[in-house]
Structures are given as structure tokens and as C-alpha cells.
Amino acid sequence: MEKSRAESKIKAENKNKSGFFSNIIFNMRSAKKWDQKLFWFQLLAVPPTVASGWIGILLPAELVRALESKWSMGQLTAYIFFLAFCMWILEMMMAGMMEYLYRNGLTLHLYYQKCCFSKVMKFDYDMLEEPDYRRTMGNTWNAIRSGFGLREAVVAVPESLCGMLGTVFYGMMIGRKSILLVVLLIINMSFGFLTLSVIRKKNEQHHKKLGDDTSKAAYISRQSMEKSAGKEIRIYQMADWFLEKYDECLKGIDGIQGRIHNNNFHKSLADALVSFFLEGFAYLYLIFLLMKGKMRVSDFVLYVGLLEGFGRYFETLIRQVLSLNSMNISISYIREFLNLSESREKNGGIGSEKLERLKESGIKVELKNISYTYPGQSEPVLSDINLVIHPGEKLALIGLNGAGKTTLVKLLCGFYRPSAGEILINDIPAEEFGREEYYSLVSVLFQDFVMLPLSLDENLTARLPEEIDRQHLTWALEVSGFVEKYESLTEKGKTLLVREANEEAVDFSGGERQKLLFARALCKKAPLLILDEPTAALDPIAENELYMKYSEACSGRTSVYISHRLSSTRFCDRIILLSKGRIVEEGTHDELMEKKGRYAELFAVQSRYYKEQEERRRLSEIMEDAFEQQEETEGVFYEQTGL
Ligand code: ADP
């Protein structure tokens, strides 16, 4: 069933959750795509780091050995200078690369932002509405934005590699001297790995809860900045309650972070305690060998250095694995999101030639036995819709709230696919069109809208300035009634929109915005024009102007006009009345009035209401005129009498 599509997909993808090492490799590959050096330095920083550490251990031991061998002062100085110089070169290389990783690793999350952004653009529209997809998107976005473990990962990888190499290499060096020492170190390491796996499991739960609380906090803070939510928060006096909820989430996040740190701290404490005894025993054993004369002083210094180095490297390894654990969780979210299938588009489309021919000839839209059920719902919202919209026809779609008009529009736009039945465009099943091909056929004026922080012309045409068809734009501005406002702007089409992004941008009133949206819908040369309540924010004069120009706006196009205002549908060739997801009446205005059915009933109720409104408006105009006349008469009287 269609409704379980997202659920089953996400469940299937969750089953294939990516593993720890595969996530590290994924992150390294991403780093390579973002910045080649970021990838190579993660590997190249390892040898100089390990080598300089090794020289650091070797240096004092060699000094003692040279003294034991009674080297000359010159030989000794040259040798020590050589080692110190090598160490300096290696440390410079290491510091340069690590510094680069620290600095440029901070921008790796931008690469993931870019990937997720382009991914989300490829989704079918209905995915954006599905709660499961939204949750996955939210988790991913939070992981990227907060950068949990992502920024540290590029440094944690070379450090943990150094930790691993150092641990193995020093362990082997120690093993050359004594198996007992190696056994002690292996016990120490096993204990470290055991506590690590316990802590990773414990922290995993915390990380999940952390993700949930971060999502909640992000949602609340986003809402607090939204204009629409801002109105409700103030009018319904929800500010304190909102703050309380936000505070709860922040405390939750703080608490979980604290618990994660505590867990890590307890692990380090337990490890340090075990190391204290085991390493202490190892040091005692070395002292014993020295005292018994089974070891030279230079070897003693070397092995003490090796033991200390082993402990340090092992501790680095564990610390960095814990850090990579956070990265692991963030990358799992990102991969889960990037693995979501993008589109159900199965075919290559009908081809550009056929598409152009179809656009030129005008289109017929046929809905055959269409039913639609929202995902997760049991009852259909639309049932058995059979409808043919002929080329060039102006169809009005009316119905009370909840009748299914918006759902039908979304089906016509290709956002939803019918649960049953099929949509045909000029007898070609909608399924056969490529997604972009289908979208190119439709132009819509939606109720909810977005303006981009670009110029007015770019917003109107979705084209670069040099690609704009000026003649068509002028026509759209005139027909939509937006031309006066457009001409009144100093910068005209170059005027910037969206104040949040541009200081010098302009704002429009509700009515102006609606005209702008109408102009935008007309600018797109699509053969199917859908207008969803295009007069909702218009005053009666502007509304009347729109009706007058409606035929011109639709010339050569098939159009669907959605309105709750029945009088506006008179300009259409045919009216469809939807009720509870079914077509209940169909015909011209006169036919439906003659029928004296549901439409006629609704029309009578609305006419009465609008008549009363009109009467009230007329009365208030008469009163205003009367007051104005009285004021004028009084003015003349006072002027003439000088009172
Ligand atoms: P109209 O535009 O005529 O007011 P809609 O098409 O918006 O009607 O809604 C028709 C029905 O579908 C309503 O009962 C509404 O609650 C339901 N509905 C709309 N959107 C969704 C959704 N995303 N999930 C579940 N039900 C929905």
C-alpha cells in the first residue's frame, strides 16, 4: 500500500544501519570530496607523529648509551643534534598538518549540508509531508548543525591511528625484552577495551535521547522566530509556557551531556586505577632487572620510555574512539537520510519533442476513478472522482472546508499519486511523464508561498535577468494588476525581496503579494493554470479587476479555479461541487441554479451574506459622505461668520 511506503523504506534502511568503521571510511571519503588535503593529511600526519614520539623516547636512552660507550664529546653532540633535528622536522610536519585538520575540519559539516540540501530537492513532494521522513530529516539536520563529533572526527582519525600504531609498535618493542611485561600490558588493554564497549553501549542510549531533545529544542526555537507562531504566542500568552518547554529541553540536553561525560570520566578513572597497579608492577619489574644487573641503564631508560609511551598511546586510542563514537552516530543519521530513496519516478519521461507538442496544442486532463487516502489514514479523502477538463476550459472547483479541494489540486500538480485510478494528460498516463516534465505543464497560485532573497523579476520569472522574456513579463504584470506597484518601485524589477536577508528589500501588503503571486503564476508558460483562492486577500475592486481579466489570463490554457466564493465561479465554463471527497454537482452556474440543489442552496446563503455585507458597506459610505458634507458646511459657516 502507498501509505506504508515511507515507513517500510525507513525500517528497511534502519536494518542496514552503517557500522562504526564503515562510518569512519564514509567520513574520510566525504572529507576527500570536500577538500583533498583534509583526507590526505588524516593519513600523512600519522607517520611523523609516531616517529617523533619514537625519537622522543630514544633520545634520553641513546644519550645514556653514548655515555656508557664513552663516546667523544663531538660524536655525542653531533648524534644528539641529529636526533633533535629529525624530531624538530617531524614535529613541524605533524603540527602543520594537524593545524590544517583542526582549522579546515570545522567546515566539513558544510559539505554534509550541501549533500542533504541537494538530496531534499530530489524528494517527491509528498515525502516532505510524511512524518517519518520529516523526523529523519530533523535528526540529520540537527546532527549536521550541532556538528556532534563531525568536526572532531578529522583530528580523531589520525590521533586514533597514531594511538593504534604506537600501542602495537611499543607493545612489540617491550615484548622483545619480556613476555611478562607484554602479558601485563595485554591485561591492561583488555580491561580498557572492555570498559570502552560498556561505555559505548551506555552512551548510545544517551546519544539517542540527546538527538530527540535537540530536535525538540530546535523546533521550539525555530517556532519562536516564525512570524505566524509569534502572533499566537503573544495573543494566547504562551511565552512563559514556551520558555518553560524550551528550558526543559535544554536541561535535558545538559543533563545527558553531563551523563555522557560522567560515564567517560568513570571509565577513565577505572582504567587509571587498573593501569596504576599493572604499570606500577611493570616499572617495579624493570627496576628489579636493573638492580639484578640484567639490564643496562640505557635499556632501562628506553623501556621506561616505552612503557610510558605505550600508556599514553593507548589512552589516546581509547579517548579518540570515544570521540569517534559521537561521529559514528551523526554519520549514521546522515547516511540514513542520504540513503532514503528520492523518487518513484521509474521512466525516462515522454521526451522533449512530445512534451513541446503537447504544450503547444493545449492539454486535456482526465481523472479516472481517482481515490486518495493519506498515509496512515484508513478513510479516503477523495473517492471515485471522474472528471475530464477539456483543453482551454476554465473549470471552477468549489466545496466547503475539508471537501478535498487542496488534495485534488495536489494530485493535479503531481505532488501526490492516486491511491486508486489514474490521471491522463492528453490520454497519456501521468505516470509516463518524467517528474520535471510533469511539473513543466503546471503553473499554480498557492495560498502558502515563499519569496526568495533575489530580485523581484527573478522571483516573478524564476529566471536569470538575461533570460527573462520581457514582453511576457509585462503582459503578466498587467493582467495580474501588479503593474502599478511594480512601476512605483524605484528599482522596478531589480528591487530586492525578503527583508530578513536584504536590508534594502521591500515588503508588500497582503493584496499586493497576492497580485504578485498571480503574476508569477502567469509568468510560467504552462498549459495548465491552477488558482487556489486567488482573491482571498484582495479588496472588492481588485477582486473585480481579476474577474474581468480572468479570461485573458487563461487564454490558450486549461485552468482550474478554486474558490469558496461562489459568485466568482460565474466566469468559469463549468463548476464542480465537491463534498466529502466526491463530486456531487456539476454544470454551469445557470444550470446548477436551475437544478436547485446543493449549489443553489449555498449560493443563496452566500448571496444573502454578501448582500448584507454590501448593504453595511454602502451605509457606512453614506454616513461618511454625510459627515464630510457636514464638516464642509460647518467650515464654510465658521469662515463666513468668523466665529
Ligand atoms: P479543502 O481544501 O477542501 O479544505 P483538504 O483537501 O485540505 O480540503 O482536506 C480534505 C481532508 O483531508 C480533510 O478532512 C483533512 O483533514 C484531510 N487532510 C488534509 N491533509 C492531510 C494530511 N496531510 N494527512 C491526513 N489528512 C489530511
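Buried area is the accessible area, found with a 1.4 Å probe, that two parts lose on being put together, summed over both. In this predicted model, domain 1 and domain 2 bury about 580 Å² between them, and 43% of that area lies on carbon and sulfur atoms.

Domain 1 is assigned to residues 5–177 + 295–338, while domain 2 takes in 352–441 + 526–599. Their centres, taken over C-alpha atoms, are separated by 58 Å. Seven residues from domain 1 and seven residues from domain 2 make up the contact.

What holds charged partners across this interface? Two salt bridges are found between domain 1 and domain 2. Arg435 forms a salt bridge with Asp124; the closest N and O atoms of this pair are 3.1 Å apart. Between the two domains, five residue pairs are in polar contact. On the side of domain 1 that touches domain 2, helix 7 (residues 125–129) contributes the largest share, three residues. By class, that side of domain 1 has two nonpolar residues, no polar residues and five charged residues.

Attention may now turn to the ligand. The residues surrounding the ligand are Tyr374, Val381, Leu400, Asn401, Gly402, Ala403, Gly404, Lys405, Thr406 and Thr407. Several backbone atoms can be followed here individually. An oxygen atom of the ligand lies 2.7 Å from a backbone N or O atom of Gly402. For Ala403, a polar backbone atom is 3.2 Å from an oxygen atom of the ligand, and for Gly404 the corresponding distance is 3.0 Å.

Key
Residues numbered from 1 in each chain as written. Predicted model: local features only at pLDDT ≥ 70, side-chain atom pairs only at ≥ 80, totals over all residues. Heavy atoms only, no water. Domains from an automatic or database assignment. Contact = heavy atoms within 4.5 Å. Salt bridge = Lys/Arg side-chain N within 4 Å of Asp/Glu carboxyl O. Polar contact = N/O pair within 3.5 Å; in protein donor to acceptor, adjacent residues only side chain to side chain. Helix = DSSP H or I, 4+ residues; strand = E, 2+ residues; numbered from the N terminus. Nonpolar A, V, L, I, M, F, W, Y, C, P; charged D, E, K, R; others polar. Near = heavy atom within 4 Å.
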